[in-house]
Amino acid sequence: MSVKLALGNVKKSIGSFLVYFVTLALGVAMFYAFTALQDQSLFRYFEKVYNQKLTVLFESLSIFNKFIAFVFGLIILYATSYLLRKRKKEFGLYMILGMNKRKLSFILVLETFFIGVFSLIFGLLLGVGFSQLINLFLGHLFAADISRLSIQISLHAIGQTLISFGIIYVVAMCFSVVIVNRAKLIDLLKASQQNETSWWQKPWLGSLLLVVGLAILSWSYYIAWHLTEIVHQDLSFDLILYAIVGGIVGTYLVFMGFSAFIPVIAPKFKGFYYRKLHSFGIRQFSTQLAKSVFSLATICLLQFFALGILVASFNIKVGIEEKSLSVVPFDFQYAITQAADENDEGIPPLDQTIVQQAVEKYRAYFKGMVKKELQYDTYIDPKLDQKLGTNQLLGIQDDKHFLQHPLFVSNSQYNQIAPYYHLPKLTVKAGEYALVMQSGGYFVTEVENKLHALPNITVANQSLVPAKKQFINGTLQSYSYFSYFILNDRTLHQLALQPYGKFIGTIYNQKGLSNEKDLANNWQKALPNRVGSYSAQSRYATKTSAASDALMITVVGMYLGIFFLIAAIGILSLKSLIDFEKHQQNYRILRQLGTTETMIQRSLFNQIAIFFIIPLVGALIHMIFGLKFTKDYLMLGGGYELDIQRVGVVSGFVLLVNLGYLIITYLMNRSVVKEG
């Protein structure tokens, strides 16, 4: 009997449970799909191509799984509390008919169990398909061979999903039992008559909260918009943290003030307010907004986080790939210098014997694999401090030590290597110099602020004038932070400079490209028996490492972004459905007054649409300033550009999810209103 009654209640309240069920099923599907990634053939392919295990990625997903399971548990408890509140009168009638609380609790446990089982089964089936979509998307995004991809069911992921969500449902069952056992019969019967009032629902107080919230948000927006200036002025990064907290607090205050402000300001526009059912819809929406203000503010922030995480992750992914390969123009590069002894001061002279051995061993290793080889030699002024030498030459105070190791290169060798690093060729006359130096985007601005024009410098007791007034932003060796002073060939050899190192850049022929993986993995064989200080970088290793990092950022970003989005809109839809069930009597009165069904449905759709639009608009406004912050942060952190096209794609995806939930919510609410 109890089982039949529980199943009947679930079937009878399918409208109320549908959004709850869909959200849970999507959560289960997402949880399964991302947990199952490590068992998919695509990721085994990635591990083979990248020549490394994706352990960090899967460990990160495992950590985020726990966080997401915890948050989904809170969402389920949140939804359960509202569903129980909606059905209090029904529970009261059961008790009047003689059902004790133990029996009632048992029915609730069965209902929760049935919903949990159905959502788990449907979610796992959906997760298998969702997993395949993720594999196809990532395969396309990372240019993998997806022709042989097949649907693979992960028993490990199924087990993790069942355990995590099983625990959540057990907690939800216990929560339901506690709520019902603590309820009094009179409270259950009068539940529909109880009104919830909010302390901020006074016009003067609401207006004050709105003004204060807008002021805090404006300050937070200002900090986000001027991130670069804040960093350049050496202001504390705590200021940025305060701005983030201010943005969160300001959002809640604005929503609180807005909920108190609408009932006061809307009637002032009489031409609109008293036309059709606008007055009815606005008053009903105002009541709903006042009761949902904290939920809407939280949903606004969650959607903003989803937008920000998705946009940032996809931009960082592309930035990592493009930037890493742009600074590795050679298939293999090798540099050898003289290692300094701990007991020596400065850098000892370069041992030419070691250099010669290194070049011979290098060429023997890559024999038959080389299409083109380029070299250049570097020199130092032994009288300059190697850490502060560039500062000494340029007369710049650099407390952050961005300017490192001044090296001198001949003009002819520079012109041979420059095109490969997308640098301009130069003509440096006798008695002149040019400067090439590069780091991150922040570095360039920092130096430009202090160095408006290159000064005359003195090298080895000889005065040199700049061939170009501005320095060239770039490098002559991948992943190096040297400052390269380009000198006329004759001037370079006339100066008392000390040889520092030799750089070799190699471009493979077709045979070398076919064996680039083996060449990259075994390049240590190119080292001589006596080794100085060396650095080596292969394009293959850089490419695979960058792709691996980009894959991790993309997957984690997708996971968190989609999770925040589903959580936010699922709560919003459920909240709307529950609130509108309380308004059945209002729509019944409208019908008795002769209002057409078309007008009622239009008013209903407008209310639901505004309910969805308000947090979305708030998230998009946050995103405008968040994009500026993200753009500056990406530039400061790694010189990455923000691609507006990707912003549009992500925003379109978020709008599409909102629209889908809006349509489902409207159809469910319309059926409920018709029943009223």
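**Aromatic residues and strands**

Mentor: In this predicted model, one aromatic cluster is made up of Phe332, Tyr334, Tyr362, Tyr365, Phe366 and Tyr508.

Trainee: How many aromatic pairs does the structure hold?

Mentor: Two rings count as a pair if their centres lie within 6.5 Å. By that criterion, the number of aromatic pairs in the structure is 25.

Trainee: Is strand β9 largely enclosed or largely open?

Mentor: Strand β9 covers residues 498-508. A residue is called buried when its relative accessible area is under 20%.

Trainee: Which residue of β9 is the bridge partner of Gln333?

Mentor: Strand β1, residues 332-337, runs antiparallel to β9, and six bridges join the two. Within β9, the bridge partner of Gln333 is Gly505.

Trainee: Which residue of β9 is the bridge partner of Lys372?

Mentor: Strand β2, residues 370-380, is also antiparallel to β9, with ten bridges between them. The residue of β9 that forms a bridge with Lys372 is Ile507.

Trainee: Is Leu208 buried, partly exposed or exposed?

Mentor: Leu208 belongs to helix α9, residues 203-225. Its relative accessible area is 45%. Buried requires under 20% and exposed over 50%, so a value in between is classed as partly exposed. Leu208 is therefore partly exposed.

Trainee: What separates the C-alpha atoms of Leu208 and Val254?

Mentor: Along the chain, Leu208 and Val254 are 46 residues apart.

Definitions and conventions
Residues are numbered from 1 along each chain as its sequence is written. This is a predicted model: local features need pLDDT of at least 70, side-chain atom pairs count only at pLDDT 80 or more; totals for chains, interfaces and linings use all residues. Side-chain values use heavy atoms; hydrogens and water are left out. Rings of Phe, Tyr and Trp (its six-membered ring) pair if their centres lie within 6.5 Å; planes under 30 degrees apart count as stacked, over 60 as edge-to-face and the rest as tilted. Buried means under 20% relative accessible area, exposed over 50%, partly exposed in between (1.4 Å probe, protein chains only). Helices (H or I, at least four residues) and strands (E, at least two) are DSSP runs, numbered from the N terminus. Two strands pair if DSSP finds at least two bridges between them.
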